[in-house]
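Please look over the sequence and the structure shown here. Some questions and answers come after them.

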Amino acid sequence: DANVPQQTVYRSEIDAQGAPSGWSAVTTFPDIVTSHAATAFGGRIYVLGGLSDARSQTTPRVWSVAVDTGGHLGIWQREPDFPFGVSGVRGTVALTASGRLYAAGGYDDRTGQRKADVWSTKPSSTGFLEAWRQETSLPEPLAFHGGAAGPAGLYIAGGAVILDISERSRPRVAGRWNHSPPFNGFTHTVLPLFGRNLLIVSDE
């Protein structure tokens with residue numbers, strides 16, 4: 001049932017043509033959540049926040065798992081909670097750039113508000129996350145948006161917000177584009193094509 005949250009994690013190898021070769025269940029995720037964010041960095045997968053099925057409210061929990069050279073997952077590890085307060089967040093976006101993991105925006109079901117907050121953390125030498133640090137906020141609150149990291153910055157689509165990370169410790173807003181004013185959010189993915197100076201943005 002596509003409307004029932006699942007805990008199963010699936011994996012597929014990629015064939016020579018770049019297509020998934022077949023999906024198989026590899027492990028069970030510790031939480032039952034939807035609308036969470038995930039990213040991979042340094043041989044680990046990180047999963048942030050989401051809507052908890054057990055309580056029908058957002059969660060601040062963060063999990064990580066090691067991925068070995070064969071693509072198999074280890075044991076899920078609890079990480080420092082997401083710092084959007086005790087209520088957590090869903091519909092955020094997770095990105096990795098310049099050796100840090102970034103989380104931007106999101107929605108808090110308890111307050112009914114979207115977030116403009118941007119936080120970052122640095123994986124330690126063991127892969128586990130250090131304390132979260134608050135960064136420059138987005139120009140406006142966004143939720144259920146998309147994002148991508150490139151060599152020149154972070155790209156957030158819901159419309160799109162471009163962050164300049166040339167000064168790694170202090171990202172700043174370099175530009176923005178709203179694809180459907182006056183509405184914000186609910187954009188799924190942004191794909192930057194740097195060689196062609198293009199952004200490909202998907203929506204629903």
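This is a predicted model: local features need pLDDT of at least 70, side-chain atom pairs count only at pLDDT 80 or more; totals for chains, interfaces and linings use all residues.

Residues are numbered from 1 along each chain as its sequence is written, and side-chain values use heavy atoms, with hydrogens and water left out.

Q: In what order do the strands of the open sheet of four strands lie?
A: Strands are DSSP runs (E, at least two residues), numbered from the N terminus. Two of them pair if DSSP finds at least two bridges between them. In this open sheet the pairing is antiparallel, and the order is 10-11-12-13.

Q: Which are the edge strands?
A: An edge strand here pairs on one side only. That applies to strand 10 (93-97) and strand 13 (133-135).

Q: What is the average twist from one strand to the next?
A: Axes are lines fitted to C-alpha atoms, and angles run from 0 to 180 degrees between N-to-C directions. From one strand to the next, the twist averages 30°.

Q: Which residue in strand 11 is the bridge partner of T96?
A: Strand 11 covers residues 100-108 and pairs with strand 10 in the antiparallel sense over five bridges. The partner of T96 in strand 11 is L101.

Q: How many salt bridges does the structure hold?
A: A salt bridge is counted when a side-chain nitrogen of Lys or Arg is within 4 Å of a carboxyl oxygen of Asp or Glu. Among them is the pair of D81 and R78, with the closest N and O atoms 3.0 Å apart. The number held by the structure is four.

Q: How many residues apart are D31 and R61?
A: Their side chains meet in a salt bridge of 2.7 Å, N to O. D31 is in the loop between strand 2 (24-28) and strand 3 (33-34), while R61 is in the loop between strand 7 (57-58) and strand 8 (62-66). The pair links distant parts of the chain, 30 residues apart.

Q: Why does D31 count as buried?
A: Buried means under 20% relative accessible area, exposed over 50%, and partly exposed in between (1.4 Å probe, protein chains only). R61 counts as partly exposed because its relative accessibility is 24%. D31 counts as buried because its relative accessibility is 10%.

Q: Is E135 buried or exposed?
A: E135 forms a salt bridge with R133, their closest N and O atoms being 2.9 Å apart. R133 has a relative accessible area of 27%, so R133 is partly exposed. E135 has a relative accessible area of 6%, so E135 is buried.
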